[in-house]
Amino acid sequence: MTILENFSLKNHNTFGVDVSANYFAEVSSLAELRETLNYSKNQALATLFLGGGSNILFTKDYEGLVIQLNLNGISEKVLNEKEVLVTAKAGENWHEFVQYCLAKKYGGLENLSLIPGNVGTSPMQNIGAYGTEIKDTFASCQVLNLETLEMEEFDREKCRFGYRDSIFKQEGKGKYVIVEVTFKLTIKDHVIKTEYGAIQNELKKMGVQNPTIQDVSKAVIHIRQSKLPDPKVVGNAGSFFKNPSILLSQFLEVRKNFPEIPHYPNGDLVKVPAGWLIEQCGWKGKQIGNVASHELQALVIVNKTGSATGKEIFDFSAMIIDSVKEKFGIELEREVNII
Ligand code: EPU
């Protein structure tokens, strides 16, 4: 176990914010993870786990120990001629894992191509895109209970997945670390999901009529690359806010003044795209200091100059929340974890 002191986290968060951690350790086995946790308990250190650092905003230096989870490995268990369980350790890069499954011709994750981050953090916020969420193929995950340091298994029900939500963001927050995730994927008779309008348009452009899982992945990659900034080029954490769901009565009130408001039914509620609300408030592409709202997708906040502090990004997001609240009476909620 190596514990580094005063460690810069600039290359460990996709916003590229230059903060440091008092202590930093990389762990590549379960034994090393337990050893590191014992150390932090004995030293009474606050502890933070990092995967790909793609959904986190550091607003200040971290006073404690940051543990980078580098657990790697993928294994498979064929269930029958149609289904396979594929297990990936927490430190596997999400997109590479999706590509691994596609190369094996396993279906179910193709709509989630090119999402930044690692496998281990995917259940926390039930990552989703283009009509799919990981809960659709999630079988179980193995977690380390931070109190007992024993392993526990969480099935789909126990994870209580919701829109960008799970038990790991609610009651289970800070209590567990996810060490591996198992997905139930299809070997044949794949369920192709192309209901999302943007996928249909892209497949048409590609001249594909009967799409395979590989075609869907390609279409998703094209769409994401055309709209979303690459964190390697400009710092960002994807969608900064959740899409809000509001009461029907509130929606009808807003629609009186904005008849063109896009909306989707969500049970008794109505979901409206945060990107649209933000764009209507004039934020799309707008830059203040080092921070901007992405010019092609207003829901994404970018570290435009590369020199933004976490505090600047946070303050920028607060201004967006205020103007959406003022114009529409709708309260946006941040999707990114603020530290
Ligand atoms: N829109 C605008 N202006 C904008 C952005 C969006 O008017 O600047 C409106 C348009 O009407 C558009 C609608 O919002 O039709 C939906 O936009 P988009 O398809 O880009 O999806 P989104 O709701 O903005 C969500 C996820 C994304 C995911 C896409 C595709 C959330 C918070 N975000 O965005 O996830 O890729 O759907 O499924 O749910 C992420 O979580 O980091 C992320 C990128």
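The residues of the shell around the ligand comprise 11 nonpolar, five polar and seven charged ones. The model is predicted. In total, 23 residues surround the ligand, and the protein buries 82% of the 820 Å² that the ligand exposes when taken alone.

**Ligand shell**

- The closest residues to the ligand are Tyr 130, Tyr 163, Arg 164, Tyr 196 and Glu 279.
- For Tyr 130, a backbone N or O atom lies 2.6 Å from an oxygen atom of the ligand.
- At Gly 275, a polar backbone atom is 3.5 Å from a nitrogen atom of the ligand.
- The side chain of Lys 284 has an N or O atom 3.2 Å from an oxygen atom of the ligand.
- Two or more residues of the shell come from each of helix H5 (213–227), strand S13 (235–239) and helix H7 (274–280).
- H7 gives the largest share of the shell, three residues.

**Helix H8**

- Helix H8 (residues 310–328) has 19 residues.
- From its first C-alpha to its last, H8 reaches 27 Å, close to the 27 Å expected at 1.5 Å a residue.
- The buried residues in H8 are Gly 310, Ile 313, Phe 316, Ser 317, Ile 320, Ile 321, Ser 323, Val 324 and Phe 328.
- Cover for the buried residues of H8 includes helix H6 (248–257) and H7, as well as strands S4 (56–57), S17 (287–288), S18 (291–293) and S19 (300–303).

**Loop residues with positive phi**

- Asn 126 has a phi near 45°, a positive value in a residue other than glycine.
- Asn 126 lies in the loop between helix H2 (94–103) and strand S8 (128–129).
- Asn 126 counts as buried because its relative accessibility is 0%, where the cut-off is under 20%.
- Asp 189 has a phi near 50°, again a positive value in a residue other than glycine.
- The loop that holds Asp 189 runs between strand S12 (176–186) and helix H4 (197–206).
- Asp 189 counts as exposed because its relative accessibility is 53%, where the cut-off is over 50%.

**Glu 260**

- Glu 260 is in the loop between H6 and strand S15 (264–266).
- With a relative accessible area of 48%, Glu 260 is partly exposed.
- Trp 276 and Gln 280 are in contact with Glu 260, leaving aside its neighbours within four places in sequence.

Notes: Residues are numbered from 1 along each chain as its sequence is written. This is a predicted model: local features need pLDDT of at least 70, side-chain atom pairs count only at pLDDT 80 or more; totals for chains, interfaces and linings use all residues. Side-chain values use heavy atoms; hydrogens and water are left out. A residue is near a molecule or strand if one of its heavy atoms lies within 4 Å of it. A polar contact is a pair of N or O atoms within 3.5 Å; within protein, one must be able to donate a hydrogen and the other to accept it, and residues adjacent in sequence count only if both atoms are side-chain atoms. Accessible areas come from the Shrake-Rupley method with a 1.4 Å probe; for residues, only the protein chains shown count as cover. Helices (H or I, at least four residues) and strands (E, at least two) are DSSP runs, numbered from the N terminus. Ala, Val, Leu, Ile, Met, Phe, Trp, Tyr, Cys and Pro count as nonpolar, Asp, Glu, Lys and Arg as charged, and the others, Gly among them, as polar. The expected span of a helix is 1.5 Å times one less than its number of residues. Buried means under 20% relative accessible area, exposed over 50%, partly exposed in between (1.4 Å probe, protein chains only). Contact means heavy atoms within 4.5 Å.
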